[in-house]
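Open your viewer, switch to the cartoon view, and let's take a short walk through this protein together.

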Amino acid sequence: MTRTIGLICGSLRENSYNRIIAQSLTDIVDSYQFRWIEINELPLFNEDLEISDAPEAVISFKSAIQDVDGIIIVSPEYNSGIPGVLKNALDWASRPRESSVLTKKPVGLIGATPGGLGTAFAQMQIRQVLEAMEVHVLPFQKMLISQVHKKIDSDRKVLTDDKTKRYLERYLQQFIHWIDHTPVLD
């Protein structure tokens with residue numbers, strides 16, 4: 001059975017650094033499939049929309065999460081924190097609480113930024129949000145890519161830095177091993 005990893009990019013920009021990093025993950029392993037889980041069409045979270053018929057974008061988003069074995073979120077850091085669009089998506093995925101599609105789902109976090117600290121602050125905030133949602137976040141592993149603008153080709157379409165590629169490969173292998181060998185705790 002081939003497993004599937006969902007990729008969520010926390011940036012809406014078409015050629016964002018983080019989308020390029022996420023795309024590079026798809027070239028690393030053959031034993032897993034990757035599926036993009038887009039967040040760009042989600043409306044702002046509103047309980048009134050949740051109580052009535054949920055918008056189609058929300059239904060599709062939740063279904064995509066449900067259909068994958070694990071998720072890797074690749075996100076920038078905006079103003080030392082989580083991008084609003086990603087927080088909005090996580091809020092939609094968390095509802096209703098008793099049947100959230102993310103509960104107990106394995107999730108990995110990667111982030112890239114032109115700055116010097118990687119996305120450390122955003123990843124701390126994302127972990128805090130995911131913990132509140134009872135999501136299983138890959139423990140003891142951080143993938144913080146700083147100075148990303150120097151690691152992407154001049155057309156900004158592919159990752160060219162070999163050291164970063166090796167780190168991504170190691171991170172992805174650890175995530176896959178974790179999914180394959182860690183029992184889900186209830």
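Followed along the sequence, the pattern reads β-α-β-α-α-β-α-β-α-β-β-α. This is a predicted model, where local features need pLDDT of at least 70, side-chain atom pairs count only at pLDDT 80 or more, and totals for chains, interfaces and linings use all residues. Residues are numbered from 1 along each chain as its sequence is written, and side-chain values use heavy atoms, with hydrogens and water left out.

Next, select residues 3–9 and 32–36. These are strands β1 and β2, which pair in the parallel sense over five bridges (DSSP must find at least two bridges for a pair). Look for Thr 4, which stands opposite Gln 33 in β2.

Move on to helices α3 (residues 56–66) and α4 (residues 84–93), whose axes come within 10 Å and cross at roughly 80 degrees. The two helices are therefore roughly perpendicular to each other (the word covers 65 to 115 degrees, with axes fitted to C-alpha atoms over the stretch in contact and angles running from 0 to 180 degrees between N-to-C directions).

Finally, zoom out: the C-alpha atoms of the chain fill a box of roughly 50 × 35 × 25 Å, taken along the principal axes.

Note on methods. Helices (H or I, at least four residues) and strands (E, at least two) are DSSP runs, numbered from the N terminus. Angles under 35 degrees count as roughly parallel, over 145 as roughly antiparallel, 65 to 115 as roughly perpendicular and the rest as oblique.
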